[in-house]
Every structure is written in structure tokens, then in C-alpha cells.
Amino acid sequence: MSIEFSHVPVLYEECIKNLNIKPDGIYVDGTLGGAGHAFGIGSRLSEKGLLIGIDRDPDALEAAEENLKSLKCRKKLIQSTYSDINRILEDMGITGIDGALLDIGVSSFQLDNPERGFSYMHDAPLDMRMNRDDSFSAQDVVNEYSQKELARIIKEYGEERWASRIAEFIVKRRKEEGSITTTSQLVDVIKAAIPASARREGPHPAKRTFQAIRIEVNGELEEISNAVDSFCDVLNPGGRLCIITFHSLEDRIVKEAFTRRLNPCTCPPEFPVCVCGKVSDAKKVTGKPIIPSEDELDKNPRSRSAKLRVIEKK
Ligand SMILES: C[S@@+](CC[C@H](N)C(=O)[O-])C[C@H]1O[C@@H](n2cnc3c(N)ncnc32)[C@H](O)[C@@H]1O
């Protein structure tokens, strides 16, 4: 099967520049997708250099393999979650890497492929699994979660002010109709829950709820929290970790993890000198996150909420 990926790599130049790529180095792209960023990394590597690409979606790996065919560097593409980086490197007998990139979230390919059930624009079975071998899908969230749990995830992960009403309407519809199995059924429920006056402006009324359910289905926040330290641990001195997020909760997790890494001291602030002895093994590269230029925003409106943070191992 040939799959066309139209994903435009977000903050592409900024990632490539910040990775400080050494031609003979080992680099990991933990969210390979259609390999837009990975191609840029791989084309800066020599025949000795190694590009490791990870994605939990087998369709993405298939497309990436095709897109990376012409590279001369060594390549290893792996179906896994990026939080498993320690085991992946251990299995390959690798003890240190020279840089890594995480471009968190869904790809345009996943979003635009109606079959995958990520999109509120197409009618499809409610799915949203990044890895279709996983057994837990959006239908489980929407049909099995309590009203309270639904309200919490829609509010927290979707930052949706109508979360409680949407949860109430989902549960009501489940009682009336048995279950909600398609994206359009869910869109209808969301539209019914949000007052018409609030639906007139802003993004599609289902956007926030769909985002929340997707994050829950794929455990996206846990993935990031588990991964930042693991990646920092395996970086060689001078190696950099670049992380692009699209959601304020994700960015907060990355920011806090980087801050802890830069300042690991656990002494109470009133102590005149450090007694815990914890010393940072990382260097700050970006204070404020890097955001897309006006030019990129014009060309790729989906980059609007992207933020890139970079940290370097000492
Ligand atoms: C935004 S896209 C990356 C696009 C890629 N940078 C490019 O240039 O084509 C995110 C990709 O990461 C994958 N992904 C998301 N979370 C993941 C995780 N925890 N582990 C592995 N892959 C993940 C998704 O399946 C998707 O293909």
C-alpha cells in the first residue's frame, strides 16, 4: 500500500538548527510520522551516522520507510512508543545518542484520513488510536467513562468551557440510543450541548472535545511525562533534545521537566547553601519557547499553537 503523507514539518529549520547535527552521530526521531523532520536530520548524516525513527503507528512507519529510502546514512525504524526509548536503545546496544526530536501529537495524515476517526469533519467509526493494534479506542472513552470522568478530561485536555454540559449530553444520548459509535454522532451531541450563541464564533464546536478524547485514548500526557527524563539521560555530552508541543498542558509538562533538570536542587529556598548535592547535568538553550514565524503561520495554519523547547546535556 502506498500512503501519501502531506505533513508539513512544523518549525523545521528551527529543529534542524537546534539539533546541532554531527554527521557521524546517532539521532532519534521519536515521533517519525511521514519523516519530514527525519529526512532533514538524515540528509545531514554521513554513511556512519545513524537515524533511529520511532512511531507507534505502523502506517506512519511504512510511509516513512519510503520517504527515507534515498538517505545514505544508517537507518533503523521501530514501531513503539517513544517513552520506551531506554529499552529500544538497550536492545540495539546503544548507550548514548547525540540528539533527539519529539514532535508531539497527531500527524496531518492521521487527522485527514477519515478511516482513523480523529476528525470531526468526516463521518467515520469513532477510533482515534494512533496504533490500531491497541484495543482501547475513542468508543471506550465515550461509552464507558462516567459523566464525571468525561467532564474532567474534556475540561482539562480540551480546555472546553462547556465540558460539563457535553459530558451530560453524551451520557444522556448513551442512555437513549445505546452507544455512540461514529464521529458524526459525537459531533451532533456536542453541538446539541453547546448553546447556539457560543457556537457562532471560534473554531469548530467539536474541536476541543475531539482533542481531549484523542489525548486520553493515546495516553499522550503520560507519554511525555515519562519520556523527557529518559531522553535527557541517554544524551551524550553536547547532545540536544528538541520537543515541539501543540497544547498548553504538554508544553507545561516539558517546561517543568526541563526546569527540574536544569535546577535539580531540592533544598528549601531559605537554605543559604545547597546541601542536597544535586547538580544539573543540562544546559539551557531556549528560555522562552521558539514559535513559528509569520511566514510559517501563513503557509501552515496548523502550526499556530506549536512551541519548541530545547535542552542540552553538559
Ligand atoms: C506530529 S506527527 C510527527 C510528524 C513528523 N515530525 C514529520 O515531520 O512528518 C506525530 C507522530 O508521532 C506519532 N506519535 C505520537 N505519540 C507517540 C508516542 N508516544 N510514541 C511514538 N509515536 C508517537 C504519531 O503516530 C504521529 O505519526
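The model is predicted, so local features need pLDDT of at least 70, side-chain atom pairs count only at pLDDT 80 or more, and totals for chains, interfaces and linings use all residues. Residues are numbered from 1 along each chain as its sequence is written. The predictor's confidence in each residue is given as pLDDT, on a scale from 0 to 100. For the protein chain the mean pLDDT is 94, and 98% of the residues reach 70 or more. Over residues 1-6, however, the pLDDT is below 50, and this stretch has nine contacts in the model beyond near neighbours in sequence. A contact here is a pair of residues whose C-beta atoms, placed from the backbone, lie within 7 Å.

Helices (H or I, at least four residues) and strands (E, at least two) are DSSP runs, numbered from the N terminus.

The expected span of a helix is 1.5 Å times one less than its number of residues. Helix α12 (residues 220-234) has 15 residues and should therefore span 21 Å, which agrees with the 21 Å between its end C-alpha atoms. Helix α12 also bends by about 30° at Ala227, where the bend is the angle between axes fitted to the seven residues ending there and the seven starting there.

A residue is buried if 20 or more other C-beta atoms lie within 10 Å of its own, exposed if 12 or fewer, and partly exposed in between, with C-beta atoms placed from the backbone. In α12 the buried residues are Glu220, Glu223, Ile224, Ala227, Val228, Phe231, Cys232 and Val234. An α-helix has 3.6 residues a turn, so residues three or four places apart point the same way. In α7, Leu150, Ala151, Ile153, Ile154, Tyr157 and Gly158 are buried. These buried residues of α7 pack against α8 (163-177), α11 (207-217) and α13 (248-262).

Most residues other than glycine have a negative phi. Glu159, which follows α7, has a positive phi near 50°. Leu11 is not a glycine either, and its phi is positive at about 50°. Leu11 sits in the segment before α1 (12-19) and is buried because it has 24 C-beta neighbours inside 10 Å. Met128 likewise has a positive phi, near 70°. This residue lies in the loop between α5 (108-112) and α6 (138-144), and its 27 C-beta neighbours inside 10 Å are why it counts as buried.

Other residues show how sequence separation and distance in space can be set side by side. Gly105, in the loop between β4 (97-103) and α5, is buried because it has 24 C-beta neighbours inside 10 Å. Gly105 and His247 are 142 residues apart in sequence, with 9.0 Å between their C-alpha atoms. Ile78, in strand β3 (residues 74-79), counts as partly exposed because it has 18 C-beta neighbours inside 10 Å. Leaving aside neighbours within four places in sequence, Ile78 is in contact with Ile52, Ile54 and Ile88. The C-alpha atoms of Ile78 and Leu32, 46 residues apart along the chain, are separated by 9.4 Å. Pro272, in the loop between α13 and β6 (282-284), is exposed because it has 6 C-beta neighbours inside 10 Å. Between the C-alpha atoms of Pro272 and Arg116 there are 56 Å, with 156 residues separating the pair along the chain.

Definitions and conventions
Two residues are in contact if their C-beta atoms, placed from the backbone, lie within 7 Å.
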